[in-house]
There are 2 protein chains.
Amino acid sequence: MNALTFEVLAKDEGGFARRGRMHLAHGVVETPVFMPVGTQATVKSMTPADLTEDIRASIILGNTYHLMLRPSADLIERMGGLHRFMSWDRPILTDSGGFQVWSLGDLRKIEEHGVRFRSHIDGSAVFLGPKESMHIQRQLGSDIVMAFDECTPYPATISEAEASMLMSMRWAGECREHLPVNDTQALFGIVQGGMYPELRIQSLEMLSAIDFEGIAIGGLSVGEPKEEMMAMMDALAPHLPVDKPHYVMGVGTPDDLIEGIDRGIDMFDCVMPTRNARNGTLFTDDGKLNIKNLRYAEDPRPIMEDCSCYTCRNFSRSYLRHLYMAKEILSSRLNTLHNLHYYCDLMSRARNALEQGEWPEFRNRFLQRYRDHA
Amino acid sequence: MNALTFEVLAKDEGGFARRGRMHLAHGVVETPVFMPVGTQATVKSMTPADLTEDIRASIILGNTYHLMLRPSADLIERMGGLHRFMSWDRPILTDSGGFQVWSLGDLRKIEEHGVRFRSHIDGSAVFLGPKESMHIQRQLGSDIVMAFDECTPYPATISEAEASMLMSMRWAGECREHLPVNDTQALFGIVQGGMYPELRIQSLEMLSAIDFEGIAIGGLSVGEPKEEMMAMMDALAPHLPVDKPHYVMGVGTPDDLIEGIDRGIDMFDCVMPTRNARNGTLFTDDGKLNIKNLRYAEDPRPIMEDCSCYTCRNFSRSYLRHLYMAKEILSSRLNTLHNLHYYCDLMSRARNALEQGEWPEFRNRFLQRYRDHA
C-alpha cells in the first residue's frame, strides 16, 4: 500500500478541472480541497471537533518552521507525533519550513545544503535544509511531506529565477533520498521558476524525473499581480501529470480557488480565511463583509443567508459586530468558524458541480456574483 | 404563575446545606448552582453550545454596567432582548450595575437617587440608580433582576457601613416599586452591612419587609480575610428565609463554594474560573495547577484524570502548555472549558451528595483533598 493513492472521479470536458479522491494514511480526502492552516499545532481558535463536525475539513496543514522552534519536533515525537499531540486523527500536510525561513529576509543565509537562520523566539542559531526538513517532518508524522525548496523572490531576473529554481530542484532530489517511498508518508515536489513560464515547465520536467506522489506549485501569491499568478497556472496546466494531485501553495481568495480548480488544481491552503476572520472580514458569495461597519450595528441577519455554519445558524451581524467591537475572544472564534466553513463548503459545491458535469456554469455564476460585490 | 418558584428537595440534617430547584421564565435551575459570568453578552471564549452541552450550565450572569455602555440596552432591546441577542435560551441573571459603578472609585459620585459616573469606553456622563437599573434590566429581559445597591467599602467603620447599608435598603424599596411582582422577571434583594453581623441581620430584616423572590449577600470577597467572609455567612445562615433562594455574589474558589453551600447558599457566581483560565490556572480536586510550569512540558496526562470535559477527554497537559506558551486563542478556550466544567460539575457532585444524605462526608473529603494541595 502506497502512502498516497489518487483517483480522478470526474473531469470537466472542455478544461482541466477535475473531481478526485486521495487515500492517505489517516483517511480519505475528496478533491478539490481546501486545507485550513494550523501553524502552531492548532488552527487558530478552532478545536478538532469544530473542524470535523461543523467545518468538515478533511485535511489540515502544519508548519514545520514554527513547530521545530516551539515546542520542537523532538517533543512532538516523544508525545506521539503531531496527530496525537493536537488530537487530530485525519490527514495532515506539513510544509518544509522553506517558505518561512525565506520570509526571514536578512536574518537568514542560504548555503549549499540549506539555510542558516536565527530563531524568532529566542535568537538561537538553526540550520534547515532538505535533510533536516525530512527528518523533522518524519518526526511530526504528517501524511503529506513537502520538499524543502527556496521561494524565488518577486521580482527576479530570469537568471536569478533560474539559479534559484535549479537549487530547489537539486534539493528536491535530496529530499527524496532522505524520505524514500514508504507506506505512511507521501512526498510532494514543488515547481519553482518565478514568473517565467519556460522555467516553470523546465522545473516540472525535472520533478517528473523524480518519483514524487504529488506536485505542488510554489512561489505564487508573493506580491505579483493576479494576472501573473494565473498566467503561471495557465502555462503549467497542460503539463501537470494527470495521475497525481496538484497543489498550489498559499492561494488564495475564494475566486482564486475557483480559478485554480479551472486550471487543474486539486489542493489549496491559505491563512486568509483564518487571519481575516480575526480582523473582522467575513467571506460570502457576495464578496467580503467587514463586520466592523456601523451599518451592521442593528442588522438581525446572519453573515450569509443560506450558510449552514454554527455562527450563521445562531447569531446576527449585530451580535457579531458587538463581539468584535468589545474585543471578545468569541469574535475570533465565530468569525473563523464561518470563514473556514465557507471555504470548505465552496470546495464541496465545486466537487458537486464537477460530478454533475456543470462546472463551467458553476464557475461563471460564482465568479460573476462574487466579483460584482468585491 | 410567578417569575420564580423555589422548592427545597433535600436538606443536610445537621446544618444549613440544601438541595433545591428554581423554576424561572426560561427554564429550571437545580441548586446549588454556579453561574458562569457573561459580562459583555458572552461568557468569554465560550459558545452557548459549549455552555449547555459540555459545561451543562443552567443559568448565566450578564452585567448591566457593561451592556448599558456597549452595545446599549436600547440596542439589545431592539434586537429582541439579551437571550435572543446572544442566542442563549436558558435563564439569565443580570446584576444591577451597582458593583461595577462602585469599582470606578474617583470616577463616580454617589447621589440621593443613584450614581453619576463617566463611561470607561467614551467618557460620556451617565447616571445609574434604582429606577434606571430596573428599566435597563427590563430591557435586557433577564430572568432574575438584582436590586441596585452600594457595595460597602472594606474596611469601613460601623457608622460608614450603617449609612451605606441604609441607603442600599432605601434603594431596594425603590427597585421593587419600579419592578413590581410579575410573571417573567424575579427580583432579588441584597444584604449589605460590611463586616458587622448586627448590620447584616438588620439589613436582612429590612429586606424581608419587602417582597423579594430571592435574597443575595453582597459586599463579600472585596478584600477581607476569608475568615471574615465566612463569619458573615455564619451570622446570616440561621436567619435566611428557608423558602427563598440564597445567592452569595462574586464568590469564590471551589472550597469557598463548598463552605458557602454549608452555610445555606444556593447560588454562586465568580469570574475566577474564566479569568484564571486565561492566565493558565486550572482547577482540580487537588487544588490549582499552573499550566505554564515547565514540569508539564512533556506531561501526557489530562488536567484532571477523572474529568469528563472536552479538554480533558482530548488533550494532554503538554499540549495545553504549548498552546499557552504560544499565546494561542485555543489556550483560553480549552482552559475556560475545563474550569467552568469543573465548577459546574462540582455543584452537581454537591447536589448528589445532598440527595444521598452524604453532605458532611462529601464536604470534609473535598475540603481536605483540595486544601492539602492548595
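A residue counts as buried when its relative accessible area is under 20%. In this predicted model, Asp269(A) has a relative accessibility of 9% and is therefore buried. Asp269(A) is located in strand β15 of chain A, which covers residues 267-269. Apart from residues up to four places away in sequence, Asp269(A) touches Phe34(A), Met35(A), Val37(A), Leu61(A) and the residues Tyr247(A), Val248(A), Met249(A), Gly250(A), Val251(A) and Gly252(A). With one of these, Gly250(A), there is a polar approach: the backbone nitrogen of Gly250(A) lies 2.9 Å from a polar atom of the Asp269(A) side chain.

An unreviewed UniProt entry assigns the feature "active site" to Asp269(A) and to Asp95(A). The two positions are spread over 175 residues of sequence, yet they cluster in space, with a largest C-alpha distance of 10.7 Å. Asp95(A) is found in the loop between β7 (92-94) and α5 (98-103) of chain A. Its relative accessible area is 8%, so Asp95(A) is buried as well. When neighbours within four places in sequence are left aside, the contacts of Asp95(A) are Gly62(A), Asn63(A), Thr64(A), Tyr65(A), Gln100(A), Gln137(A) and Met146(A). The side chains of Asp95(A) and Asn63(A) make a polar contact at 2.4 Å.

After α10(A) comes Gly264(A), which has a positive phi near 85°.

Chains A and B are in contact through 39 residues of chain B and 39 residues of chain A. Between them the chains bury about 3,300 Å², of which 57% is on carbon and sulfur atoms. Of the area that chain B buries against chain A, 18% is supplied by His322(B), Ile329(B) and Arg333(B), more than by any other three residues. Arg333(B) also forms a salt bridge with Asp50(A), in which the closest N and O atoms are 2.7 Å apart. The count of salt bridges between the two chains is 6, and 22 residue pairs, both members at pLDDT 80 or more, are in polar contact. On the chain B side, at least two residues each come from α1 (48-54), α3 (73-78), α4 (82-86), α12 (310-314), α13 (317-325) and α14 (329-355). By class, this side of chain B has 20 nonpolar, 10 polar and 9 charged residues.

Contact between the chains also involves a buried aspartate of chain B. Asp299(B) lies in the loop between β17 (287-290) and α12 of chain B. With a relative accessibility of 7%, Asp299(B) counts as buried. Beyond residues up to four places away in sequence, Asp299(B) touches Met79(A) of the other chain, together with Ser316(B), Arg317(B) and Ser318(B). The side chain of Asp299(B) makes a polar contact of 3.1 Å with the side chain of Arg317(B).

Key
Residues are numbered from 1 along each chain as its sequence is written. Chains are lettered from A and ligands numbered from 1 in the order in which they are written. This is a predicted model: local features need pLDDT of at least 70, side-chain atom pairs count only at pLDDT 80 or more; totals for chains, interfaces and linings use all residues. Side-chain values use heavy atoms; hydrogens and water are left out. Contact means heavy atoms within 4.5 Å. Buried area is the accessible area (1.4 Å probe) that two parts lose on being put together, summed over both. A salt bridge is a side-chain nitrogen of Lys or Arg within 4 Å of a carboxyl oxygen of Asp or Glu. A polar contact is a pair of N or O atoms within 3.5 Å; within protein, one must be able to donate a hydrogen and the other to accept it, and residues adjacent in sequence count only if both atoms are side-chain atoms. Helices (H or I, at least four residues) and strands (E, at least two) are DSSP runs, numbered from the N terminus. Ala, Val, Leu, Ile, Met, Phe, Trp, Tyr, Cys and Pro count as nonpolar, Asp, Glu, Lys and Arg as charged, and the others, Gly among them, as polar. UniProt positions are given in the numbering used here, feature names are shortened, and annotations may be inferred rather than shown by experiment. Buried means under 20% relative accessible area, exposed over 50%, partly exposed in between (1.4 Å probe, protein chains only).
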